[in-house]
Amino acid sequence: MTGLLPAVLLIPALRGVIFLHSVPSDTPWRQFCPKCYMSIRLIGPRGRCPHCQVAISPFPYSVELLALAVLALLAWRISDPLALAAIAWISVLGIALICIDVAVHRLPDRLTFLAFGGGLLILAFGDINRVGRALLCCLALASAYLLMSVVTPNGMGLGDGKFALSLGLILGWYGWGPTLYGAALGFVFSGLFAIGMLLAQRITMKGAIPHGPFMLLGTLVTVLMAA
Ligand SMILES: [Zn+2]
């Protein structure tokens with residue numbers, strides 16, 4: 001359970017991280033409350049500006065409860081402390097990333113690389129063969145996503161490819177099969193969601209859906225089954 005510590009320590013900072021990075025590309029990071037213009041660092045679980053109490057963050061307690069639920073599921077299924085620490089770290093940063101992806105359709109580099117760097121640093125203490133395979137899987141998955149972002153510029157973005165580095169790393173820890181399965185599951189989930197949204201007439205055929213949340217969901221479901 002000590003493996004969960006780095007990820008648990010991240011949870012109180014998540015809302016501040018989401019607020020800071022929820023801006024369109026080529027725009028300065030958001031550091032001030034849009035109403036009272038005071039500087040914002042940390043945001044409490046109620047999602048309100050600490051100065052003027054205006055709502056500036058996702059639904060109260062939603063981010064915290066989601067992160068805790070994911071960590072509880074991971075702790076239940078994964079006995080290897082090293083794998084648990086790395087996957088928990090990537091998952092909690094992944095939750096910040098998907099909130100930003102839903103808000104502004106981007107996955108900022110500094111968070112995708114922080115997730116990947118931290119995960120790799122933890123796994124590097126593990127079995128060398130397994131680390132090597134995980135690295136190969138993550139490079140393969142990221143390459144596949146980068147290729148898709150070139151072929152379909154309106155669908156995948158470069159951010160998805162960089163997020164795939166982290167997800168490929170944890171899927172690759174369990175092997176090539178789970179890597180393929182996890183990636184495919186992400187597309188199944190996003191396809192089902194797109195069909196649902198089309199049927200509900202909430203989007204048109206051209207409306208782009210952020211893929212980050214489905215990539216993370218496919219990865220977590222696969223990891224929970226493979227562990
Ligand atoms: Zn304010």
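How many helices and strands make up the secondary structure of the protein chain? There are nine helices and zero strands, and the legends below walk through this predicted model view by view.

View 1. Welcome to the overall picture. Reading from the N terminus, the elements follow the order α-α-α-α-α-α-α-α-α. The radius of gyration is 18 Å, close to the 17 Å that the globule rule gives for 227 residues, so the chain is as compact as a globular protein of that length. Along the principal axes, the C-alpha atoms fill a box of roughly 55 × 45 × 30 Å. Of the 227 residues, 43% count as buried. Take the contacts between residues at least 6 apart in sequence: 64% of them join residues at least 24 apart.

**View 2. The largest nonpolar core holds 62 residues.** Ile87 and Ala96 are the residues with the most contacts inside this core. Two or more core residues come from each of helix 1 (5-10), helix 2 (14-21), helix 3 (62-77), helix 4 (81-104), helix 5 (109-123), helix 6 (128-151), helix 7 (158-172) and helix 9 (212-226). Helix 4 gives the most, with 16 residues. Now zoom in on Ile87. Leaving aside residues up to four places away in sequence, Ile87 touches Leu74, Ile78, Ile170 and Val223.

**View 3. Helix 4 and helix 5 pack with their axes 8 Å apart.** The angle between these two helices is about 175 degrees, which makes helix 4 roughly antiparallel to helix 5. Which residues of helix 4 meet helix 5? On the helix 4 side they are Leu82, Ala85, Ala86, Trp89, Ile90, Leu93, Gly94, Ala96 and Leu97. Their partners in helix 5 are Leu111, Thr112, Leu114, Ala115, Gly118, Gly119, Ile122 and Leu123.

**View 4. Helix 7 meets helix 8 (residues 176-199) at an angle of about 135 degrees.** The axes of this pair lie 8 Å apart. Angles over 145 degrees would count as roughly antiparallel; helix 7 and helix 8 are therefore oblique to each other. Their crossing is right-handed. From helix 7, Leu167, Gly168, Leu171 and Gly172 take part in the meeting, while helix 8 brings Pro178, Thr179 and Gly182.

**View 5. Ser79 sits in the loop between helix 3 and helix 4.** Is Ser79 buried or exposed? Ser79 is exposed, because 9 other C-beta atoms lie within 10 Å and a residue with 12 or fewer counts as exposed. Follow the chain onward to Ile100: Ser79 and Ile100 are 21 residues apart in sequence, and their C-alpha atoms are 31 Å apart in space.

**View 6. Gln53 and Tyr61 lie in the loop between helix 2 and helix 3.** Look at the backbone here. Phi of Gln53 is near 70 degrees, a positive value in a residue other than glycine. Phi of Tyr61 is near 65 degrees, also a positive value in a residue other than glycine. What about their surroundings? Gln53 is exposed, with 12 other C-beta atoms within 10 Å. Tyr61 has 13 C-beta neighbours inside 10 Å, so Tyr61 counts as partly exposed.

Notes. Residues are numbered from 1 along each chain as its sequence is written. This is a predicted model: local features need pLDDT of at least 70, side-chain atom pairs count only at pLDDT 80 or more; totals for chains, interfaces and linings use all residues. A nonpolar core is a set of buried Ala, Val, Leu, Ile, Met, Phe, Trp, Tyr and Cys residues joined through C-beta atoms within 7 Å. A residue is buried if 20 or more other C-beta atoms lie within 10 Å of its own, exposed if 12 or fewer, and partly exposed in between; C-beta atoms are placed from the backbone. Helices (H or I, at least four residues) and strands (E, at least two) are DSSP runs, numbered from the N terminus. Two residues are in contact if their C-beta atoms, placed from the backbone, lie within 7 Å. The radius of gyration is taken over C-alpha atoms; the globule rule is 2.2 Å times the number of residues to the power 0.38. Axes are lines fitted to C-alpha atoms, for helices over the stretch in contact, and angles run from 0 to 180 degrees between N-to-C directions. Angles under 35 degrees count as roughly parallel, over 145 as roughly antiparallel, 65 to 115 as roughly perpendicular and the rest as oblique. A crossing is left-handed if the near helix is turned anticlockwise from the far one by less than a right angle, and right-handed if clockwise.
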